[in-house]
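Here's a quick briefing to read alongside the model. Have the viewer open and click through as you go.

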Amino acid sequence: MEKITVYKDNQPIEEIPLTTEANAQYRFGRSLENEIIVQDQKASRHHCLLLKREGKYFIKDLGSTNGTFLNEKQLPPQVETPLQNGDVARIGSHHYHFTLPSLSLTMVGQEAVQPSLTDKELPPTLVDPEAIDFSFEEFFQEMGAHLLISYEGKRELYALEQKEITIGRSDENDIVISHSSISGHHAVFRLIGSCFELEDLRSTNGTVVNGQLIHKTRLSSPSLISFGDAVCLYTTKEANTKKHREQLEKTAKLLLKAGLINKKKWKQILSDPNLTLRDLGEDLILNNVLTIVLWHKILIGETKILEEASSTKIEKKLFLALTLFFLLLGTLFVGLYLIKNADNSIRNLYQKARNEWKLTKKEPLRAEDHFQSSLQAFDKALKNIKITLIKESIQSLLSEETTSQLKKKIEQEKAKMTLDYAKFLISKGRAKEAIKILSFLFQKSKKKKTKTALFREAVLLINNHYWKEFQKLERSQTSLQNKAKALIPIVYPEDTDELTNYYSSKDIEHFLVYKKSLRKLAQIYISLALEYLIQEKINATENLCNQANSLLAKLPPSTDPKKEIIQCISLACEIYRQSQDHGVPELKQKAVKQFQKIWQKIQPKLSAIPQKEFRAALERMHRFVQQFLRKPS
C-alpha cells in the first residue's frame, strides 16, 4: 500500500494512505484548504505539492518561506522533483516518509536517495514493465536479496532486484550513501548465475566482506560488508521450515532474557507463523534495538554474547534489589531518628509557647513581647508538624500521642492564648490588630464548619468593641459627613479584618452591631441626598441614593420605608431633569405618577419616624417636587 508516514521528534504521529488512481495531487500547508494540513510554525499556508502522474510521484515547493527539504536537500521553488520509495521530505520539524512499493529498487526504511529521472536513464526493469524478463522477476522474488545499511545513526533497507546495482556517494548510483568515507562510485553488485558478486571500484577506503578486504567476491547469506564507515548486512530469503522456526524461537528467547525485547514482543514473535529470522533482525535493527554487527554474530551462531548479556542482566537485577533493600532499611533508621528529633523539637516549642504565655501575667509591662514570642512558638510548632510527613502508625511508636492529637492540643492552646492577646490589644485601643490575630480562630472555624466556645467569645469581644464605638457616635454632635466616615470602617472592613468580613457576608443575623451600622449609614446617605436635592446637586444626590440602596440590600426585609424614600428621591431627580429646557414631557409625566404613588404609600409612615429633622427634609423634598410640577413642560 502506498502511504505517507508523518514523524515528529522521531516519533510517528500519523499515517496517510495514498490513492490507487494513476493521477492525483495532494497539497501540503498550514491552511485548512490543503489536503494534508501541516501544524508547524515554519510551514507556509500553501507550502508544497505532491503530484501523481501515470503512477509516478513528484514533489514541488510552492515558493514557501522556509523551504521544502527532500532527503535534507532544499528543493528549488516551483520545480517538480521525482520521488522514490523511502524518500523523506521535511517541512519545519515534520518528516514525511514516502512508502511507494510500486517503484522498483524498493527501499524499506527511513532514508533513501535515488537518482532522479533527469539525472540518469533508469534500467529497463524500471522504465518498461513489458520489457522485463518474467523469469528474472520471478527469480528476484524467490531469491529475496536484501541489503541493510547503517551509518551515522541511520538505518536503510534495500531490496536488490536488478542485475547490476551500483553503490557510492554520488547521486548517479542506484544506492546512495551520503558519507565522507564512501567514494563517489564505491562498489557494484552484479548478478552472476544464481548469486550476487560484489566488486570494489577502486574506492579510497576499500570494501570489506566478513573481515576480509576484497576486490571481487561472491556473496553468501549472511555477509557482513563494510563500505568505508558504513556497515551493511547482505541476506537472502530463507525457507520457513521447522528448523528455521526453532532457530527463530530460540533466538527470541535469548533476546528476551538479555532484555533486548519485552514479553509482549516475544509473544508477537511466537504468534506470527509467517515471521522469519531475517524479518525479526531487520525489524530490530531498523528500530535501533540491535546493531548490524551483533545480529550478524547471532545469525552465524555466535549466541554467547546474548547468553552473557542474559546472566549480566540477572546479576544487575539482584544487585539492584539488594541495593534497594539496604537503601530502604537505611532510610527507615534515618527516618526514625529524624522523627524522634522532630517530635522532641515540636514538644519543646509547645512548652516554650506556654511558658511565654504565663509570663504575660507575671510581667504585665512586657506582656506584648511575651504574647508575640508565644504566638511565634505556637506557629513554628504547627509548621514543623506539617513538614514532618509522618504516618501516625510510626509516630505512635515514638510517643504517647499521635501527630494529630498533638496538633489538636497545640491549636487549642494557641486559640486560648490568641484570645487573651486580642483582649490585651483592645484594652490598649488597638482593635484592628486584635481582629487580625483572631483570623486564626476564624479560619479554623470556617474549615471545620463549627463554632467553638472560643470562637463565639472572640465574636462577642469584637461585638462589644464596635458597640461602644457605635454608642459614642450616636451621642456625638458631629456632622453627618463625619458620622459617615466613622461608620465606613465597620460597614466596609479591611481585607485583614477577616472575622468582620465573614460576619458581614455569611452570618449577618448574629452580628448586631454590623446591622445597626448598615442602617445608620444608609440613613445618613439618605439625609445627605435630601440636602443635595434641595441644593439641586442632582448627580451627587443620585450617587448617594445608589450607595444607600447597596447598604440596604445587605439587610433582611423590614417595614422601614427607607427604600421607598430612596425611590422618591430618584424620581424627584428625574422630574427635575425633565423640567429643564431639553426635557421630555412624557418622561416627566411618567415620573410624576410614580412619585405620587410612592409618596401616598409612605406618607402615613412619616409620623412614626423619630427624627424631626429627617421628617422635615422629606417635607421639603415634596415641596421641591411640587415646585417643578407647576412649571410648564
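What follows is a short tour, grouped by topic.

Keep in mind that this is a predicted model. One place to begin is the largest nonpolar core, which has 39 residues.

**The largest nonpolar core**

- Among the 39 residues of this core, the ones with the most contacts inside it are Ile526, Leu530, Leu533, Ile569, Phe595 and Met621.
- Five helices each supply at least two residues of the core: α16 (512-534), α17 (538-552), α18 (562-578), α19 (585-602) and α20 (612-629).
- α16 gives the largest share, with ten residues.
- The core lies between domain 4 (441-556) and domain 5 (557-632), because both of them give residues to it.
- If you zoom in on isoleucine 569, you'll find it touching Ile526, Ala529, Leu530, Leu533, Thr541, Cys545 and Met621, leaving out residues up to four places away in sequence.

**Lysine 601**

- Lysine 601 sits in helix α19, and it counts as exposed at 53% relative accessibility, since the cut-off for exposed is over 50%.

**Cavities**

- Searching the whole structure turns up six cavities of 30 Å³ or more.
- The second largest cavity has a volume of about 60 Å³.
- Its lining is made up of His146, Leu147, Leu148, Leu157, Leu233, Thr235, Arg278, Glu282, Ile285 and Trp295.
- Elements giving two or more residues to that lining are β12 (146-151), β22 (230-235) and α5 (277-286).

- The buried residues of α5 are Leu277, Arg278, Leu280, Gly281, Glu282, Leu284, Ile285 and Leu286.
- The cover over them includes the strands β12, β13 (154-159) and β22, along with the helices α3, α4 (263-271) and α6 (292-299).
- α5 is followed by asparagine 288, which has a positive phi near 60 degrees.

**Arginine 245**

- Arginine 245 belongs to helix α3 (residues 242-257).
- Is arginine 245 buried or exposed? With a relative accessible area of 15%, arginine 245 is buried, because the cut-off for buried is under 20%.
- The arginine 245 side chain reaches the backbone oxygen of leucine 275 at 3.4 Å.
- Not counting residues up to four places away in sequence, arginine 245 touches Ile269, Leu270, Asp272, Pro273 and Leu275.

- Methionine 143 is in helix α2 (residues 134-143) and counts as buried at 11% relative accessibility.
- The C-alpha atoms of methionine 143 and cysteine 195 are 8.5 Å apart, although the two residues are 52 residues apart along the chain.
- Setting aside residues up to four places away, methionine 143 touches Leu191, Ser194, Cys195, Phe196, Tyr234, Thr236 and Lys237.
- Tyrosine 234 is in strand β22, and at 1% relative accessibility it counts as buried.
- Tyrosine 234 and leucine 148 are 86 residues apart in sequence, yet 6.6 Å apart from C-alpha to C-alpha.
- Beyond its neighbours within four places in sequence, tyrosine 234 has contacts that include Met143, Ala145, His146, Leu147, Leu160, Phe196, Ser221 and Pro222.

- Most residues other than glycine have a negative phi, and most peptide bonds are trans.
- Serine 221 and proline 222 are joined by a cis peptide bond, with omega about 0 degrees. Proline 222 is in the loop between β20 (216-218) and β21 (223-227).
- Glutamate 54 isn't a glycine but has a positive phi, near 55 degrees. Glutamate 54 lies in the loop between β5 (48-53) and β6 (56-61), and it is exposed, with a relative accessible area of 67%.
- Glutamate 72 also has a positive phi, of about 65 degrees, without being a glycine. You'll find glutamate 72 in the loop between β7 (69-70) and β8 (73-74), where it is partly exposed, with a relative accessible area of 45%.

Key: Residues are numbered from 1 along each chain as its sequence is written. This is a predicted model: local features need pLDDT of at least 70, side-chain atom pairs count only at pLDDT 80 or more; totals for chains, interfaces and linings use all residues. Side-chain values use heavy atoms; hydrogens and water are left out. Helices (H or I, at least four residues) and strands (E, at least two) are DSSP runs, numbered from the N terminus. Buried means under 20% relative accessible area, exposed over 50%, partly exposed in between (1.4 Å probe, protein chains only). A polar contact is a pair of N or O atoms within 3.5 Å; within protein, one must be able to donate a hydrogen and the other to accept it, and residues adjacent in sequence count only if both atoms are side-chain atoms. Contact means heavy atoms within 4.5 Å. A nonpolar core is a set of buried Ala, Val, Leu, Ile, Met, Phe, Trp, Tyr and Cys residues joined through side-chain atoms within 4.5 Å. Domain bounds come from an automatic or database domain assignment. On a 1 Å grid over the protein atoms alone, a cavity is a set of points where a 1.4 Å probe fits but cannot get out, and a pocket is an open set with protein on both sides within 12 Å along at least five of seven lines; lining residues have an atom within 4 Å of a point. Grid points are joined across faces, edges and corners, and a volume is the space filled by probe spheres set on the points.
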